[in-house]
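Me: I should like to go through the reasoning behind several labels attached to this structure. Please set each value against its definition before concluding.

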Amino acid sequence: MNGYFPSIYASPIPTQYRMTLTVGEHSARHIRRIARMHLENWELQHLTDTVELALTELIANVIRHVPDSRCTLLLLKQQTGVRAEVTDAYGQLLPAPAKLDQESERGRGLLLLDALVDKWGVSPTGAGGKTVWFECTNHSRVQGSNPL
């Protein structure tokens, strides 16, 4: 008798994904693909656009500001949505979003992050680096629910 019998010992879908890498010009595209796959597995597809855009900004900051461009990405499924963290060994903490010069070509990333996600922050690590994180919930502001 031939046939497929799913294992009763198969583990459930993992609720987190961690990867350490050196980021470069094309890294954000690959990280977006990874995030999209996990969000689909976690049945959180409705958060895909927000998470992809926010992750792109965090990876761009590593490329621009971290001397060795190394970081660790963590995606974590939560009961109410998803949390993403990007940790690097560069201890300089990012400033909070502030009002910018209209002519400036840079510096809008944290304003964008603040507008997209439900919560975000920067935490120092014990090894002298930092973790920039954000959370998107199932009731995220960007989903387009119109209160009218």
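Me: Why is Glu 25 called exposed?

Reply: In this predicted model, Glu 25 has a relative accessible area of 73%. The label exposed applies over 50%, so Glu 25 is exposed. Its place is in the loop between strand S1 (16-22) and helix H1 (27-41).

Me: How do you know that the length of H1 agrees with its number of residues?

Reply: The expected span is 1.5 Å times one less than the number of residues. For the 15 residues of H1 that gives 21 Å, and the end C-alpha atoms are 21 Å apart, so the two values agree. After H1 comes Glu 43, which has a positive phi, near 60°.

Me: Which residues of H1 are buried, and what makes them line one face of the helix?

Reply: Ser 27, Ala 28, Ile 31, Ile 34, Ala 35, His 38 and Leu 39 are the buried residues of H1. Viewed down the helix axis, the buried residues of H1 fall within an arc of 135°, and therefore they line one face. An α-helix has 3.6 residues a turn, so residues three or four places apart point the same way. The elements against which the buried residues of H1 pack are S1, helix H2 (48-65), S2 and S3.

Me: Why is strand S3 (residues 81-88) called largely enclosed?

Reply: A residue counts as buried under 20% relative accessible area. In S3, 7 of the 8 residues are buried, so the strand is largely enclosed by the rest of the structure.

Me: What makes S3 a partner of both strand S2 (residues 70-78) and S5?

Reply: Pairing requires at least two bridges. S2 and S3 have 7 bridges, in the antiparallel sense, and S3 and S5 have 8, also antiparallel. Val 86 of S3 is the bridge partner of Leu 73 and stands opposite Val 132 in S5. A hairpin through 2 residues joins S2 to S3.

Me: How do you know that strand S4 (residues 119-124) pairs with strand S5 (residues 130-137)?

Reply: The two strands run antiparallel and are joined by 6 bridges, where at least two are required, so they pair. S4 and S5 form a hairpin with 5 residues between them, and Gly 128 in the turn has a positive phi of about 95°.

Key
Residues are numbered from 1 along each chain as its sequence is written. This is a predicted model: local features need pLDDT of at least 70, side-chain atom pairs count only at pLDDT 80 or more; totals for chains, interfaces and linings use all residues. Side-chain values use heavy atoms; hydrogens and water are left out. Helices (H or I, at least four residues) and strands (E, at least two) are DSSP runs, numbered from the N terminus. Buried means under 20% relative accessible area, exposed over 50%, partly exposed in between (1.4 Å probe, protein chains only). The arc is that of the directions from the helix axis to the C-beta atoms. Contact means heavy atoms within 4.5 Å.
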